[in-house]
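Trainee: I have a structure to read and some terms to learn. Can we go through them one by one?

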Amino acid sequence: RTSIGEEFGLPQGEVVTEKLVSAIKKLGVYKVFDTSVGADFTTTEEAGEFIEKLRSGRGPCFSSCCPSWVKYIEFNYPEFIPNLCTSRSPQVMLGGLIKTFWAEKEKIDPKNIIVVSIMPCVSKKDEVRREEMKIDGLWPVDYVLTTRELAYFLKKNKIDLKTIEPSEADDPFGRPSGAGVIYGASGGVFESALRTAYFKITGKNLENVAIKELRGQEGIKREEIKIGEKTIKAVVVNGIKNAQKMLEELKKNPKSFDTMEVMACNGGCIGGGGQPVPTNAAIKKKRAASLYEIDDKKEVRLAHENPALKEVYVNYLTS
C-alpha cells in the first residue's frame, strides 16, 4: 500500500490502498480483502503464544511471519524450531478464513474459491506451498504475486493507479487495525503483538501504543519493556546476518532475551525482494513512515479490538 505507487510515477511512500482495490477489481477479481486484517489474527494468536512461552519458561519466542527467516532456522538452527511461533502468517491466516468462515457465510464451496495474495516478498510463493498449511486438503492461498508482478499485470491491462477512482476493500475482511498495517515495517510485528499481549496480561490497553524505540532500520534493536510486574527483554532484527549473531548469543546465554522479531529483508517487508526497485534506505524510510501514519490515524489501533476479528472469534472459532 505504500510502495506500488512508485511503479506508476507516484511519490515514494504514497498510500494507494483504495486505488489498489479499484485497480485489482478491474482485473476481474470478485472480492478484495486486506491482508492486514489477517495480520490482526496473527497478532492475536502470536500474543497468546508469547505469553504462554513467557509463563512456562520454555525459552524466547520468535516471530514466524517471514518465510525466509523460518527456512533459515530450519536449515541452520533446527534446535530453535520450537521457539518459532506456530501462528500462520497474515496471508495464510486470511486465506484460511476466506475458505472456511467466509465460504460458509456466503454459502460458497471453498473448492470454487481462488485466493491470490499480493506480497512484497518472493519467499511468500514458497510459504503457501508448505504441506502443513493445507486445510481439508485445500491450500489457503492458491497464488502469490509480488508487488512488481502486480504492477506489471496492471500496466499490461492499461490500468493506471494515478488516475483510477479509489474504492474501499470488501467486508468482512476490509478494515484492519493500525496494528495490522504496521507489520510491513521492521519492529511492526513485535509492536503489534505487544499491544495485544499487554492487554491479555494486564486487562488494560497500553496508554502509548507506539514503541518507537524498536522502529527503524538498525540491524539489531533491543528494548526492555515493563508489562505488569514483568520486564520483557525484546530484540528486533533486520537481516539474516544479524539474526545469526543473536542466535549465537542465545546459545551462549539462553536468558539473553525473551522475544525476537526477525525480518530477512532490511527495513522489513517494505524492503522486500518483490518490491519496486530501486530500494534504498531513504525510500524504505518513506514507505515505513506512511505505514505508521496510517496507524496514527486509525480509530482502531489494537488487533484484538478489530470488529471483524471479534465476530470470527465469538461466532465461529469458539462456537
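Trainee: At what angle do the axes of helix 2 and helix 8 cross?

Mentor: First, a caution. This is a predicted model, where local features need pLDDT of at least 70, side-chain atom pairs count only at pLDDT 80 or more, and totals for chains, interfaces and linings use all residues. Residues are numbered from 1 along each chain as its sequence is written, and side-chain values use heavy atoms, without hydrogens and water. Now the angle: the axes of helix 2 and helix 8 (residues 188-202) cross at roughly 65° and come within 8 Å. Axes are lines fitted to C-alpha atoms, for helices over the stretch in contact, and angles run from 0 to 180 degrees between N-to-C directions.

Trainee: Why is helix 2 called roughly perpendicular to helix 8?

Mentor: Angles of 65 to 115 degrees count as roughly perpendicular, under 35 as roughly parallel, over 145 as roughly antiparallel and the rest as oblique. The value is roughly 65°. Therefore helix 2 is roughly perpendicular to helix 8.

Trainee: Which residues of helix 8 make the contact?

Mentor: V189, S192, A193, T196, A197, K200 and I201. Contact means heavy atoms within 4.5 Å.

Trainee: What makes helix 2 oblique to helix 11?

Mentor: Helix 2 (residues 35-56) and helix 11 (residues 307-317) have axes that cross at roughly 60° and come within 10 Å. That angle falls in the remaining class, so helix 2 is oblique to helix 11.

Trainee: Which residues meet there?

Mentor: D40, F41, T44 and E45 of helix 2 meet A308, L309, V312 and Y313 of helix 11.

Terms used
Helices (H or I, at least four residues) and strands (E, at least two) are DSSP runs, numbered from the N terminus.
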